[in-house]
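Biologist: Could you walk me through how to read a few features here?

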Amino acid sequence: MCCLTDCLCSCFVWPALIGIAAYFIRKYMQGGKFEKQTDETGKVVIVTGSNTGIGKETVLELARRGATVYMACRDKSRAEQARLEVIRETKNQNIFFRELDLASLDSVRKFIDGFKKEQSKLDILINNAGIMLCPHMLTKEGFEMQLGVNHMGHFLLTNLLLDLLKKSSPSRIVNVSALAHVDGSINFDDLNSEKSYSPRKAYGQSKLANILFTRELAKRLEGTNVTVNALHPGVVETELSRHVPIFNNPIFGFLISPLIWLIFKTPKNGAQTTLYAALDPDLNGVTGLYFSDCKPKEVSAAAKDANSAKRLWEESEKWTKAK
């Protein structure tokens, strides 16, 4: 009888306990939710990199709330497919795709010219697009790809839209950074990684640049009623990891899929802090901060370096000719 009881415990109780534990771990790892109901009808929003992942989920929720959304993406066919999916799901017809390749400053300027011919206002700019841990590549202008796309392209885009943002105030800028900024440093002696290149260090540098840009821009926008904040979306299962070799190995990917399911956020949950920073009424007038899981979070010491932020701004102006 004792052996039978032990057998039943092994067969049913322990798997049930493991399953319950996994459920609560996964629920915890999905992070904070932005659950306030807001009406964004009449608001004009730009979301970069929005044909998949966090960006697409951000557009979906904005569309549900009535916003007019411009999906600024590089891949025309995928963006158009995503746009039609958003319209079908939300019944919001005011969802538009406009081509934007952040690895080309000419493309950024072309996007700006086209957008300003269509719209005379901009309420929210969400700088979401990014690239992570890629092999050494260069943008059209010769910038290291991660710094070029994650920072320089968005730097120029934002600066060229400041006139509309000021005109439409109160308005918001949201920069999607990452926890990886804590591992980053701005190497002004080799900002373009020409002397040596490490995918991890270049990514950390670009994400730190996002926060330094946010903090410096917040200072420069004082008194304009235009706010700018940065955020960490969490560890999210998206295409951002496409350049990480282990995730591209079918066997290894299969073996770690249960772990990914357990600890990675879904794209929908990964978009929650972006939505919080863009829409929460309690953040009116709040600027220069960094959020994670829908609440303020401390940044690294390097991210608080005002001298580095000012110097990076000046270098970025030279590189992009944004001044």
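Biologist: Which residues make the nonpolar surface patch of about 300 Å²?

Modeller: First, a word on the model. It is predicted, so local features need pLDDT of at least 70 and side-chain atom pairs count only at pLDDT 80 or more, while totals for chains, interfaces and linings use all residues. Residues are numbered from 1 along each chain as its sequence is written, and side-chain values use heavy atoms, leaving out hydrogens and water. A patch takes residues with over 30% relative accessible area and no salt bridge, joining nonpolar side chains (Val, Leu, Ile, Met, Phe, Trp, Tyr) within 5 Å and like charges within 9 Å. Here the patch is made by Leu17, Ile20 and Phe24.

Biologist: Is Phe24 buried or exposed?

Modeller: Buried means under 20% relative accessible area, exposed over 50%, and partly exposed in between (1.4 Å probe, protein chains only). Phe24 is exposed, at 52%, and belongs to helix H1, residues 2-29.

Biologist: At what angle do the axes of helix H2 and helix H3 cross?

Modeller: Two packed helices are described by the angle between their axes and the distance between the axes. The axes of H2 (residues 53-64) and H3 (residues 76-90) cross at roughly 35° and come within 10 Å.

Biologist: Which H2 residues meet H3?

Modeller: Contact means heavy atoms within 4.5 Å. Lys56, Val59, Leu60, Ala63 and Arg64 in H2 meet Ala82, Glu85, Val86, Glu89 and Thr90 in H3.

Biologist: What does Ala63 contact beyond its neighbours within four places in sequence?

Modeller: Ala63 touches Val69, Val86, Thr90, Asn92 and Ile95. Ala63 is buried, with a relative accessible area of 3%.

Terms used:
Accessible areas come from the Shrake-Rupley method with a 1.4 Å probe; for residues, only the protein chains shown count as cover. A salt bridge is a side-chain nitrogen of Lys or Arg within 4 Å of a carboxyl oxygen of Asp or Glu. Helices (H or I, at least four residues) and strands (E, at least two) are DSSP runs, numbered from the N terminus. Axes are lines fitted to C-alpha atoms, for helices over the stretch in contact, and angles run from 0 to 180 degrees between N-to-C directions.
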